[in-house]
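Hi,

Here is the structure I said I would pass on.

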Amino acid sequence: MFGISDMLMTHLEGVDLNLLPSLAALLEERHVTRAAERSGLSQPAMSRTLARLRQLLDDQLLVRDGSGYVLTPRAERIQRQLAGLMPHLETLFVAEVFDPATAEEHYRLAATDYPLLLFLHQVAREINKLSPHSALRIESPRDEVFDDVLHGRLDLSFYVAAPPAAFSRELLFDDICVCVMSADNPLAKRKRLTLDQYLRCSHLVIDIIDGEQPLITHRLRELGVARRAALTLPLNAGAPSALPGTNLVATLNKRLVDRSAGDPELAVVAAPVEIEPFDYFMFWHPRLDHDPAQQWLRDTIRSVATASLGGRSGRR
């Protein structure tokens, strides 16, 4: 297989592909002057092109008879091949037009249940409605999520900070963290926890990547401290029901907590000031920057997120 590929490349390296339109015109018109007019060339330029083609193909292509030119057998075979080839070449070099209504894309995203509960469920509905022949797969991010995006196993993912510089990114919104606990927790009446109080707590941790919440872990590591995980869960959604009657504290994103506010068994307290507000990004490989189908996917995500969350308002 590699030998055939190398052979084809060897043959093409010495070929001026700009000769193809002139070759097609000459074989169809069977007349140098008419082929020149059709191709926008002068008659002498088309005559020189015919000479080059004859030398390249080692065949006369057009030969005179009593009433004009006729095709050689080789030229007839080439004409039949060009009839199938030229339309494909024309579509190869024109700009792609993406129509979601007829597209059959297979989009693959990685996301925690945080964006899924906030807006991705609406993105799924939009894709199903606007691009009914396409498929969307949303999976939990693996610890290797950056490698998955980098190597094309994922089209797009999300992160609670600016992703590494190797990726293209777009800020979707911002948010803050809050501490959620049982209403009978001794700290439940406070407006805000101090960092010392926070570190003395037993924590319910959401396993986002590597068994931790990167946003919290990285910030505490910068401060030279760590929290104790007494319970680790795979999803944000399971945290509130695990808190009543315990001394556990869950650090969750406020936009998500606001969606289930009002539970009398729970209390929401401001997180230590050291745990700063965060920006929420979607990110993808730069090779997908200008792909029309991927641009439409990102446009849909952006539009739904803005409509659902109102942009950068989480800090308020």
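Let's start with a contact between a charge and a ring: the charged end of Arg298 sits over the ring of Trp284, 4.2 Å from its centre. For "over a ring" I asked that NZ of Lys or CZ of Arg be within 6 Å of the ring centre and within 35 degrees of the ring normal.

Before you read on, this is a predicted model, where local features need pLDDT of at least 70 and side-chain atom pairs count only at pLDDT 80 or more, while totals for chains, interfaces and linings use all residues. Residues are numbered from 1 along each chain as its sequence is written, and side-chain values use heavy atoms, with hydrogens and water left out.

On to the aromatics. There are 12 aromatic pairs in the structure; rings of Phe, Tyr and Trp (its six-membered ring) pair if their centres lie within 6.5 Å, and planes under 30 degrees apart count as stacked, over 60 as edge-to-face and the rest as tilted. Phe98 and Trp296 make a tilted pair, because their planes are at 50° with the ring centres 5.8 Å apart. Phe98 lies in the loop between α5 (73-92) and β3 (106-110) and Trp296 in helix α12 (residues 292-309), so this pair ties together parts that are 198 residues apart in sequence. Helices (H or I, at least four residues) and strands (E, at least two) are DSSP runs, numbered from the N terminus. Trp296 counts as buried at 14% relative accessibility, whereas Phe98 is partly exposed at 22%. The cut-offs are under 20% relative accessible area for buried, over 50% for exposed and partly exposed in between (1.4 Å probe, protein chains only).

Phe146 and Tyr159 are edge-to-face, because their planes are at 75°, with centres 5.2 Å apart. Here Phe146 belongs to helix α7 (residues 145-150) and Tyr159 to strand β5 (residues 156-159), 13 residues apart. Phe146 is partly exposed, with a relative accessible area of 21%, and Tyr159 is buried at 14%. Separately, Tyr114, Phe119, Phe158, Phe173 and Tyr280 form one aromatic cluster.

Next, strand β10 (residues 248-253), where 6 of 6 residues are buried. That covers both faces: Leu248, Ala250 and Leu252 are on one side, with Val249, Thr251 and Asn253 on the other. β10 runs antiparallel to β7, joined by 5 bridges, and Val178 stands opposite Leu252. With strand β8 (residues 202-206), β10 runs parallel through 3 bridges, and His203 has Val249 as its bridge partner. Strands pair if DSSP finds at least two bridges between them.

Of its 18 lining residues, the closest to the centre are Leu256, Val257, Asp258, Ser260 and Ala261. β7 (177-182), α11 (254-258) and β11 (266-270) each give two or more residues to the lining, and α11 gives the most, with 4. On a 1 Å grid over the protein atoms alone, a pocket is an open set of points where a 1.4 Å probe fits, with protein on both sides within 12 Å along at least five of seven lines; lining residues have an atom within 4 Å of a point.

Lastly, Asn18 lies in the loop between α1 (2-13) and α2 (19-29) and is exposed at 64% relative accessible area.

Cheers
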